Amino acid sequence: MRIIIFLLLSLAFLGQDVPTSKNSTHQNTFDHLVFADEFEVDGRPNANKWHHQTIPPNKGSWHNDELQHYTDREDNSVVNEGTLKIRAAKEPYVYNGSTKDYTSARMNSKFVFTYGRVEVRAKLPSSAGTWPAIWTLGANVDETGNYFDDQYGSVGWPLCGEIDILEQTGWDKDCTISHFHWGDLNTKIYKEIGDETEVENASTEFHVYAMEWSSESIKTYVDDTLVYELPNSNDKPFNHPHYLILNIAIGGNLGGEVPENFTEDILEIDYVRIYQ
């Protein structure tokens, strides 16, 4: 109920950014593969393609009241049997004097792109308290510990723009969310909007979570179902390079309460592909 109210308020606030019908069809043709990982080589994720973000940016913690530390260990991210497993686990872990009761992985692509189609075929964790995400940030965010540092600028969040292709709360594993966060480039005012859709068997079957991004609009999909379409324009930070992020958070704003009996769960990814 809280998310539904929140989304209705967002729609009212951003009247011009009303979602298109979920029956909308694909309009752009993106057929040139520019980045891919099929996760066919067992072991650590390909270091030429992925950077593990491990430095907590918020005084020894991550934002959004998340409860984990992110690591670059194979315990938290490993490729085997043709898929990437990002594993969140209950275990005490100390980073630079800060102790957390959970670990996970947050992987940044070492590839930036402006416009195109992103496809990630994935199975989501089923445990309450887990918050999986497939998303992008503007490469000019200059967030602590990210791969690109200030190479593309240093505007911070939300002026960099954030595209949440896929998020799932810790309390509703039958729905997924697509959401957009940004700072208006003219007024600097923070804005956000998005929608959710039902997804059957999200934790037992693979689904394709996709985004189609152009100078006119950004569309997010689960398989071939349109979740949300955001009109793009020059006052939004979505006409500049972004990079892809894969992670599971524990607890926090969208993870919610973590059960006492939680031990571990996995975000399993079959492939990542970006087309232009």
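Visitor: Which residue takes a positive phi in the hairpin of E11 and E12?
Guide: Lys188, with a phi near 70°. The hairpin has six residues between its strands. Keep in mind that this is a predicted model.

Visitor: How do E11 and E12 pair, and over how many bridges?
Guide: They are antiparallel, with nine bridges. E12 covers residues 190-198.

Visitor: Which residue in E12 is the bridge partner of Ser178?
Guide: Asp195.

Visitor: What about E10, how many bridges join it to E11?
Guide: Four, and the two strands run antiparallel. E10 spans residues 162-167. Glu162 stands opposite His181 in E11.

Visitor: Is E11 mostly covered or mostly open?
Guide: Mostly covered. Nine of its nine residues, 175-183, are buried.

Visitor: Which residues are buried on each side of E11?
Guide: One side has Cys175, Ile177, His179, His181 and Gly183. The other has Thr176, Ser178, Phe180 and Trp182. Both faces are covered.

Visitor: Why do the numbers skip like that?
Guide: Because side chains in a regular strand alternate between the two faces of the sheet.

Visitor: New topic. Why is E7 largely enclosed by the rest of the structure?
Guide: Seven of the eight residues in this strand, residues 106-113, are buried, so E7 is largely enclosed.

Visitor: Which residue stands opposite Met107 in E7?
Guide: His52. Strand E2, residues 50-52, pairs with E7 in the antiparallel sense over three bridges.

Visitor: And how many bridges join E7 to E16?
Guide: Five, again antiparallel. E16 runs over residues 242-250. Val112 stands opposite Tyr243 in E16.

Definitions and conventions
Residues numbered from 1 in each chain as written. Predicted model: local features only at pLDDT ≥ 70, side-chain atom pairs only at ≥ 80, totals over all residues. Heavy atoms only, no water. Buried < 20%, exposed > 50% of the residue type's maximum accessible area, 1.4 Å probe, protein only. Pairing = 2+ DSSP bridges.
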